[in-house]
Structures are given as C-alpha cells and as structure tokens.
Amino acid sequence: MTIPALPEASPELRDEILAWLDAFAACVQKVDYKSAYPFWHEQALAFGTHKRVLEGLWDWRDRQWDSVWPKTSGFTFIHDQTRVLASPDGQMAVAITPWDSTGYNQDGTPFDRPGRASIILLKTGEGWVGVHSHMSLERGVPQESYGNREVIAR
C-alpha cells in the first residue's frame, strides 16, 4: 500500500490561512473578544494545555480566553514554521503552527511563553471559520501568567 503525501495547501490557500491566523492573533493582542467571534463557529470545540474539551465559543471564551488573553501579551503565530494541510476540494484546512507570546510572573517580570496550535478551519460563504482549536504551551513553560490587561470589547 502506498501512502500519499500529506495534502499540503496550495500557496494561495496557505496565504489565506496565514492571513486568518494573523487577523485572529491581532484580536488576541488587543484583548478584543468581540472582534474575534467571527473567526470561530459558535459550536467550535477547543482545548488547551490543561483544559478539557470546551464546547461552544462562549464556554471557550469564559474558561480559556479569560484566563489567558488579558494575562499575556505579544501573541503571534510563527509563519515560517506553520504547515497548512487542506482537503482536496479546498473547503477544509488544518493549520499546524507554533506561536509565541509573553507571560508575566507575579512580580511583573516577563517570560517567554511559546506554544503550538492545531486549528481546523472550514470555508464558508463569508470566508474561513475555525471549528476546532488545540493550543498548548511548550513543556516547562509556566501555566500561570499574571498580566493584567483590560478586555477592550466583550
């Protein structure tokens, strides 16, 4: 049995997904939940380093976004290490991507807070929408961050 190569996205589709990642990361950087909602399906399934599967955008916001976005800064996906796979019809894609951010110790000193993500996206009439996210920290990175940034839009 011959196993086919991974279904790498076309360069054009890869660019679309990288743009989606950048636009979503901008919402995280600004702690702007309201602007992030359209990036995700209302029934999205998500989990992280130590979170059970969260069902639905609002549960995800309340149980994970609230405990991370205001307490960190500088969130960004790393393009040159991002892989994008796609279904043959181009209607579903998976981004496998490392990310970087800054966390804060209790005394306010910053620390590097790298991680990785797998994000499954579905193409709709309005563009790409995330249906699943798994974001986790690299090993040895402190789980807690004590930043205190304001949520600008809920």
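Predicted model: local features only at pLDDT ≥ 70, side-chain atom pairs only at ≥ 80, totals over all residues.
Residues are numbered from 1 along each chain as its sequence is written, and side-chain values use heavy atoms, with hydrogens and water left out. Local features need pLDDT of at least 70 and side-chain atom pairs count only at pLDDT 80 or more, while totals for chains, interfaces and linings use all residues.

**Stop 1: helix α1**

Select residues 11–30, which make up helix α1. Helices (H or I, at least four residues) and strands (E, at least two) are DSSP runs, numbered from the N terminus. Now colour the buried residues (under 20% relative accessible area; exposed is over 50%, partly exposed in between; 1.4 Å probe, protein chains only). In α1 these are L13, I17, L18, W20, L21, F24, A25, C27 and V28. Step just past the helix to V31, which takes a positive phi of about 55°.

**Stop 2: the core**

A nonpolar core is a set of buried Ala, Val, Leu, Ile, Met, Phe, Trp, Tyr and Cys residues joined through side-chain atoms within 4.5 Å. The largest one here has 38 residues. Select I17, W20, F24, W40, W65, F77 and I119, the residues with the most contacts inside it. Helix α1 supplies the largest share of this core, nine residues. Then centre on I119. What is it in contact with (heavy atoms within 4.5 Å), leaving aside neighbours within four places in sequence? The partners are W20, L21, W40, F77, A93, V94, A95, H132, S133 and M135.

**Stop 3: the rings**

Rings of Phe, Tyr and Trp (its six-membered ring) pair if their centres lie within 6.5 Å; planes under 30 degrees apart count as stacked, over 60 as edge-to-face and the rest as tilted. The count comes to 16 aromatic pairs. Select F75 and F77: their centres are 5.0 Å apart and their planes at 85°, so the pair is edge-to-face. F75 is buried at 6% relative accessible area, and F77 is buried at 3%. F75 also pairs with W99, tilted, at 5.4 Å centre to centre and 40° between the planes. This pair links distant parts of the chain: F75 is in strand β3 (residues 73–77) and W99 in strand β5 (residues 92–104), 24 residues apart. W99 is buried too, at 4%.

Next, show W20, F24, Y33, Y37, F39, W40, W58, W60, W65 and W69, which form one aromatic cluster.

**Stop 4: the charged pairs**

A salt bridge is a side-chain nitrogen of Lys or Arg within 4 Å of a carboxyl oxygen of Asp or Glu. The count comes to seven. Select K123 and E16, whose closest N and O atoms are 3.5 Å apart. K123 lies in strand β7 (residues 115–124) and E16 in helix α1, so this bridge ties together parts 107 residues apart in sequence. K123 is partly exposed at 31%, and E16 is partly exposed at 34%.

Move to D59 and R63, where the closest N and O atoms are 2.8 Å apart. They sit four residues apart in helix α3 (residues 57–68), about one helical turn.

Finish with E138 and R116, bridged at 3.2 Å between the closest N and O atoms. E138 is in the segment after β8 (127–137), R116 in strand β7, 22 residues apart.

Notes
Contact = heavy atoms within 4.5 Å.
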